Amino acid sequence: MSNTPYDIVIVGAGFAGMYLLHRARGLGLTARVLEAGTDVGGTWYWNRYPGARVDIESMQYSYQFDEDLQQEWEWTEKYSPQPELLKYARHVADRHDLRRDIQFNTRVAAARYDEGQAVWTLEAEDGSTVQGRFYVMATGCLSVPNDPNLPGKDTFAGPTYVTGRWPHEGVDFTGKRVAVIGTGSSAIQSIPLIAETAAQVTVFQRTANYSIPAHNAPLDKAYEAKIKARYPQFRAEAKKTGPGFHAVFETDSVLDATPQERERRYRERWQQGGLGFLGCFADHMMTQEGNDYAANFLRDRIRSIVDDPETAEKLCPTNLIGAKRFCVDTNYYATYNRPNVALVDIRANPIEQVSANAVHAGGEAYGADILVMATGFDAMTGALLAVDIQGVGGARLQERWAEGPSSYLGLAIKDFPNLFTVTGPGSPSVFTNMLPHIEQHVDWIADCIGYMESRNYRRIEADADAEDQWWDHVQEVGAVGLKATVDSWYIGANIEGKARGMMPYLGGFPQYCEKCETVAAEGYAGFKLA
């Protein structure tokens with residue numbers, strides 16, 4: 001790797017890194033992307049487990065910066081599967097000739113800021129370095145798998161697979177006894193397909209999750225044509241909704257509705273499928289009573305699908321609906337009606353150890369030939385803290401964030417000049433349609449750098465007071481309603497020793513965008529430029 005000082009060094013060649021590279025070129029700046037994998041795609045490069053697919057409709061989970069691309073690309077399904085999303089990412093890389101500025105097989109280990117030179121030096125695991133005036137972490141919110149150290153896991157004789165780092169050649173489960181640890185989104189997507197060929201699937205569940213059917217199907221061509229005929233307006237409408245995706249979000253209270261009206265709306269949303277389910281009333285996340293109506297409806301659906309009453313009750317979540325990640329599935333609950341699928345409640349019967357050919361829980365040994373770790377991610381901060389980032393005066397991000405990942409707008413951090421994060425802690429990020437939010441962040445960063453270049457500014461840094469005020473605001477908004485009352489990865493509860501605090505901004509995508517636009521219009525208020 002060359003030590004040539006680039007204008008911008010970007011870590012990550014997913015949708016964020018690819019688009020930022022494109023924008024940097026448009027500004028006439030030199031840019032280099034460092035990527036740990038062998039190709040572009042980010043999330044959709046690494047997550048290749050069976051059933052992996054997006055939970056936002058394909059027509060919305062896509063780039064909008066290239067109108068010709070929007071019109072020309074044809075999705076095959078309502079919810080795109082991983083192979084198609086990876087194909088799309090590769091197509092964009094080809095279309096804009098991005099790979100010539102991407103360094104693959106390069107995992108960044110450290111980054112240090114030189115105050116005298118106003119330059120960042122990034123060091124890869126192989127010891128090579130690259131320098132840049134601006135440094136952007138485009139590493140994604142869910143990119144570092146949480147791989148808990150189960151007692152005896154290293155003694156397991158068969159292969160162990162982590163859903164977030166799935167083998168590119170795939171896995172053959174035919175005739176195998178498979179132990180799946182976890183029942184989050186990746187497990188909910190993969191278990192039905194694993195069960196189709198495995199001899200036995202034993203699912204170890206700590207916390208039951210709410211999931212709603214996707215009702216996935218081939219993409220309706222008439223619907224596709226209708227959207228493409230008004231794509232700009234369609235996108236603009238989506239940006240006005242709280243989560244930034246196009247759906248019907250009602251404004252009335254679930255508490256004011258009659259039982260008949262609640263039942264009617266819930267059934268309609270269940271038949272529609274997808275993440276818009278909770279949008280049938282405005283205030284499910286504000287009161288326990290309102291939340292219970294939706295939760296009870298879904299528990300009744302689970303009981304109606306799962307034949308065995310005991311298994312059905314284990315699958316019925318007892319926590320608030322919407323407080324943890326709401327999942328979208330295809331035949332998840334029905335899979336437990338198969339004779340080769342069993343569910344173990346490890347909250348009641350914790351895993352004691354893993355041996356050479358079994359997982360031991362509650363005094364029972366469950367035979368296994370393959371172990372699948374579907375245990376989620378070190379969300380939002382995992383990839384950022386995996387790099388030893390040192391700013392002004394040797395300030396270490398790992399130490400700075402020991403008590404919580406404070407940042408200004410999820411974009412910048414005090415004492416770390418010219419460092420930007422895409423959809424970092426303090427931005428709406430995982431509470432939104434990620435791809436449009438990525439574009440919003442990349443455009444803001446690119447416009448900011450363009451502003452600096454046109455005025456000969458060489459350094460930008462979040463003001464300490466502005467950052468503190470924003471982070472306090474993020475916590476205040478996060479405390480409204482019920483979201484923060486449940487232990488979830490949104491507040492870092494899934495990682496032992498991780499500081500607790502609401503990491504994503506709950507104020508809504510439109511409000512956040514307005515704040516970002518105001519900051520820029522006021523000459524980047526809340527930032528120190530030099």
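This is a predicted model: local features need pLDDT of at least 70, side-chain atom pairs count only at pLDDT 80 or more; totals for chains, interfaces and linings use all residues.

Residues are numbered from 1 along each chain as its sequence is written, and side-chain values use heavy atoms, with hydrogens and water left out. Helices (H or I, at least four residues) and strands (E, at least two) are DSSP runs, numbered from the N terminus.

**Stop one: around β2**

Select residues 31-34, which make up strand β2. Here both faces are covered: Ala31 and Val33 are buried on one side, Arg32 and Leu34 on the other. Buried means under 20% relative accessible area, exposed over 50%, and partly exposed in between, with a 1.4 Å probe and protein chains only. In a regular strand the side chains alternate between the two faces of the sheet.

Two strands count as paired if DSSP finds at least two bridges between them. Look for Val9 opposite Arg32. To get from β1 to β2, the chain goes through helix α1 (residues 15-26) in a right-handed β-α-β crossover; that is, with the strands pointing away from you, the path from the first strand over the helix to the second runs clockwise.

Next, pick residues 102-103: this is β3, parallel to β2 and joined to it by two bridges. Gln103 of β3 sits opposite Leu34.

**Stop two: an open sheet**

Move on to the three strands in the order β13-β14-β15, an open sheet with antiparallel pairing. β13 (351-355) and β15 (364-367) are at the edges with a single partner strand each, so one side of each has no neighbour in the sheet. Select 358-361 for β14, joined to β15 by four bridges.

**Stop three: helix α15**

Finally, select 464-478, the 15 residues of helix α15. Which of its residues are buried? Colour Ala466, Glu467, Trp470, Trp471, Val474, Val477 and Gly478. Looking down the axis of α15, you'll see these buried residues within an arc of 125° (taken from the directions from the helix axis to the C-beta atoms), so they line one face. On the other side, Asp465, Gln469 and Glu476 are exposed. Show β19 (460-462) and α16 (509-521) too, which are among what covers the buried residues, contact being heavy atoms within 4.5 Å.

Note on methods:
The expected span of a helix is 1.5 Å times one less than its number of residues.
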